[in-house]
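User: I am new to reading protein models, and I would like to go through one feature after another with you. Could you give me the general idea each time, and then the case at hand?

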Amino acid sequence: MPHFIVDCSVEILDSHSEEYIAEQIHLVAVASDLFDIGDIKVRINPYNKYLVGAKRELFIHVFSSLMQGRTTEQRAKLSRSVVERLVAMFPHVPNIAMNVSEFEKATYCNRTML
């Protein structure tokens with residue numbers, strides 16, 4: 001935990017590789033001091049077919065899922081930090097956003113918990 005899923009227009013990969021984008025988001029997550037470095041997961045989903053509004057316009061949207069327990073302020077700061085990094089990396093992309101979702105510890109299960 002946490003998971004950072006990046007949906008984006010495929011054209012942004014002309015500016016930076018998937019590996020570099022994932023690395024930069026990982027670095028921002030580490031710098032937040034909210035997570036253990038080995039727990040951070042980042043995935044990139046580039047889309048060839050998409051519409052933003054009613055037109056084909058470049059976009060990046062980060063969906064983050066975190067275990068419950070962080071404050072609203074911590075989550076907001078994390079979101080802002082990721083968006084700031086992406087805006088610096090992609091000044092030509094007009095649509096850059098992130099949202100943070102929490103899930104309950106009581107309902108979470110992974111392989112090591114079996």
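User: Which residues touch the most other members of the largest nonpolar core?

Analyst: Please keep in mind that this is a predicted model. The general idea is that in soluble globular proteins nonpolar side chains tend to be buried together. Here the largest nonpolar core has 24 residues, and those that touch the most other members are F4, I60, V62, L86 and F90. Two or more residues of this core come from each of β1, α1 (18-31), β3, α2 and β4, and α1 gives the most, with five residues.

User: What does L86 touch, if residues up to four places away in sequence are not counted?

Analyst: Leaving those out, L86 touches I25, I60, V62 and I96.

User: In which sense do β3 and β4 pair, parallel or antiparallel?

Analyst: A general point about strands is that, in a regular one, the side chains alternate between the two faces of the sheet. In this model β3 and β4 pair in the parallel sense over nine bridges, and H61 stands opposite A97 in β4. Strand β1 (residues 3-9), by contrast, pairs with strand β3 (residues 59-67) in the antiparallel sense over six bridges, where F4 stands opposite S64 in β3. Together with helix α2 (residues 72-89), the strands β3 and β4 make a right-handed β-α-β unit.

User: How many salt bridges are there?

Analyst: Side chains of opposite charge can pair when their charged atoms come close. The count here comes to four salt bridges.

User: Is R75 buried or exposed?

Analyst: R75 counts as buried because its relative accessibility is 18%, which is under the cut-off of 20%.

User: Where do R80 and E84 lie?

Analyst: Both lie in helix α2, four residues apart, which is about one turn of the helix. R80 forms a salt bridge with E84, with 3.2 Å between the closest N and O atoms; R80 counts as exposed at 58% relative accessibility, whereas E84 is partly exposed at 44%.

How values were computed: Residues are numbered from 1 along each chain as its sequence is written. This is a predicted model: local features need pLDDT of at least 70, side-chain atom pairs count only at pLDDT 80 or more; totals for chains, interfaces and linings use all residues. Side-chain values use heavy atoms; hydrogens and water are left out. Two strands pair if DSSP finds at least two bridges between them. A crossover is right-handed if, with the strands pointing away from the viewer, the path from the first strand over the helix to the second runs clockwise. A nonpolar core is a set of buried Ala, Val, Leu, Ile, Met, Phe, Trp, Tyr and Cys residues joined through side-chain atoms within 4.5 Å. Buried means under 20% relative accessible area, exposed over 50%, partly exposed in between (1.4 Å probe, protein chains only). Contact means heavy atoms within 4.5 Å. A salt bridge is a side-chain nitrogen of Lys or Arg within 4 Å of a carboxyl oxygen of Asp or Glu.
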